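Here are my notes on the model, point by point. Please read them with the structure open.

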Amino acid sequence: QLTIHIKRMGGSFGRRTSNEYVIEAIELSKLSGQPVKLTWTREDNIRYDFLREGGFNRIRGAISPTGKLLAIEEHTVGPAPQGEPSRFNGPNPGAFPFNTMENVRGSLTNFRMDTPVGPWRAPYSNTHAFVSQAFIHELATAANRDHLELLIEMMGEPRWLNNRDWRSMNTGRAVDVIRLAAEKGGWGSKMAAGRGLGLSFYFCHAAHVAEVAEVSVEGEQVTLHKVTAAIDVGPIINRSGAISQVQGAIIDGYSTMAGQKITMEGGRVEQTNLDQYPVLRIDKSPEVEVHFIESDYDPTGLGEPALPPLAPAVANAIYAATGKRVRSMPLTDAGFKV
């Protein structure tokens, strides 16, 4: 005796996989004996959400006297919700740069956390890209190498890493998007004082994505002027939709990086609305320039993969502009204003 009315709605990211609001509506309907429309307040939605998992990463690398990258070791400390290991943290053998290096070690320490958590846009990749791709820039700087040159060198010969598996990385496609983003983003251009370019690459959700961020810093004020993205997801079926997905992912990523954070006191979420959990305002949004390589491979999706490279690109650009490293998010916690 249950009728479900399916609504055509947005995906709502990972929250659609939880159903506590459905149970609440059913209980209210049973108690009232009437049909019920349940609408949560934003305060309820923030305080009782399923949150992205927090965590810490320790990452080390070795470079030769000639500037060649020899090894990377990464250790993650992350939560095990309700005592169960999570797939949203820890080393992933299929993630770059684990998947292209001979000398690599990944390890994980879990701690129990009973706070409800769930997938957040580009699960796992949204944090690992920041850690690993900002660190690769640190290695390039330590080796006195151009970041672009080192990234391309890390890819080796053009090849599928898993025998033409469309879910695995293709190093030739990776190099192509890295070169295109660098070309279109003005990589290597002479920048004014306090202004810098940052580069990053990441492969996730079957998409090869490279981004160049142009940032200026005046005192504590950070301004993200432009992001240039180059992407290979095969043929583009709906160009306007594809561009919108990339633009939205980049702005979403910057909004998160800029000032969003959930804290707890006495087991209760402290933030209650957007005045405490700020969403990026339209006047702070960067120009986003999108370039697609329409390769002959099967088309794949664009809802998530343009977000992960944004944070490391911005962090690397801030270093280029100021000489200061950003090793945690949000930027407001690192002493910057957005």
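1. S2 and S3 run parallel and are joined by 10 bridges. Two strands count as paired if DSSP finds at least two bridges between them. Helices (H or I, at least four residues) and strands (E, at least two) are DSSP runs, numbered from the N terminus.

2. This is a predicted model, in which local features need pLDDT of at least 70 and side-chain atom pairs count only at pLDDT 80 or more, while totals for chains, interfaces and linings use all residues. Residues are numbered from 1 along each chain as its sequence is written, and side-chain values use heavy atoms, with hydrogens and water left out.

3. On its other pairing, S2 is antiparallel to strand S1 (residues 56–63), over eight bridges. Phe-56 stands opposite Val-77, and Ala-62 stands opposite Ala-71. S1 and S2 make a hairpin with five residues between them, and Gly-67 in the turn has a positive phi of about 90°.

4. The order in this open sheet of three strands is S1-S2-S3, with mixed pairing. S1 and S3 are at the edges with a single partner strand each, so one side of each has no neighbour in the sheet. From one strand to the next the twist averages 10°. Helix H3 lies across S1 and S2, at about 30° to S1. Contact here means heavy atoms within 4.5 Å; axes are lines fitted to C-alpha atoms, for helices over the stretch in contact, and angles run from 0 to 180 degrees between N-to-C directions.

5. Is S2 largely enclosed or largely open? It is largely enclosed by the rest of the structure, because 10 of its 13 residues are buried. Buried means under 20% relative accessible area, exposed means over 50%, and partly exposed lies in between (1.4 Å probe, protein chains only).

6. Glu-73 and Arg-105 form a salt bridge, with 3.0 Å between the closest N and O atoms. Glu-73 is in S2 (residues 69–81) and Arg-105 in S3 (residues 104–113), so the pair ties together parts 32 residues apart in sequence. Glu-73 is buried at 16% relative accessible area, whereas Arg-105 is exposed at 53%. Arg-60 joins Glu-73 and Arg-105 in a network of salt bridges. The criterion is a side-chain nitrogen of Lys or Arg within 4 Å of a carboxyl oxygen of Asp or Glu.

7. The whole structure has 14 salt bridges. Among them is the one between Asp-114 and Arg-112, at 3.1 Å from N to O. Asp-114 is partly exposed, at 49% relative accessible area, and Arg-112 is exposed, at 57%.

8. Lys-261 and Asp-333 also meet in a salt bridge, at 2.8 Å from N to O. This pair links distant parts of the chain, 72 residues apart: Lys-261 is in the loop between helix H6 and strand S7 (264–265), and Asp-333 is in the segment after helix H7 (310–322). Lys-261 is partly exposed at 34% relative accessible area, as is Asp-333 at 46%.

9. Helix H4 (residues 147–155) is largely enclosed by the rest of the structure, because seven of its nine residues are buried. The buried residues include His-147, Leu-148, Met-154 and Met-155. Their cover includes S2, helix H3 (125–142), helix H5 (171–184), strand S4 and H7.

10. A further open sheet has four strands in the order S4-S5-S6-S9, again with mixed pairing. S4 (195–204) and S9 (287–292) are the edge strands, each pairing on one side only. The twist averages 15° from one strand to the next. S5 (residues 207–218) and S6 (residues 221–232) are antiparallel over 11 bridges, and Val-217 has Val-222 in S6 as its bridge partner. Helix H6 (residues 239–259) lies across S5, S6 and S9, at about 135° to S9.

11. Which residues form the nonpolar patch on the surface? Leu-2, Ile-4 and Ile-6 do, with about 400 Å² of accessible area together. Ile-4 lies in the segment before helix H1 (20–32) and counts as exposed at 62% relative accessibility. Patches are made of residues with over 30% relative accessible area and no salt bridge, joined within 9 Å for like charges and within 5 Å for nonpolar side chains (Val, Leu, Ile, Met, Phe, Trp, Tyr). Accessible areas come from the Shrake-Rupley method with a 1.4 Å probe, and for residues only the protein chains shown count as cover.
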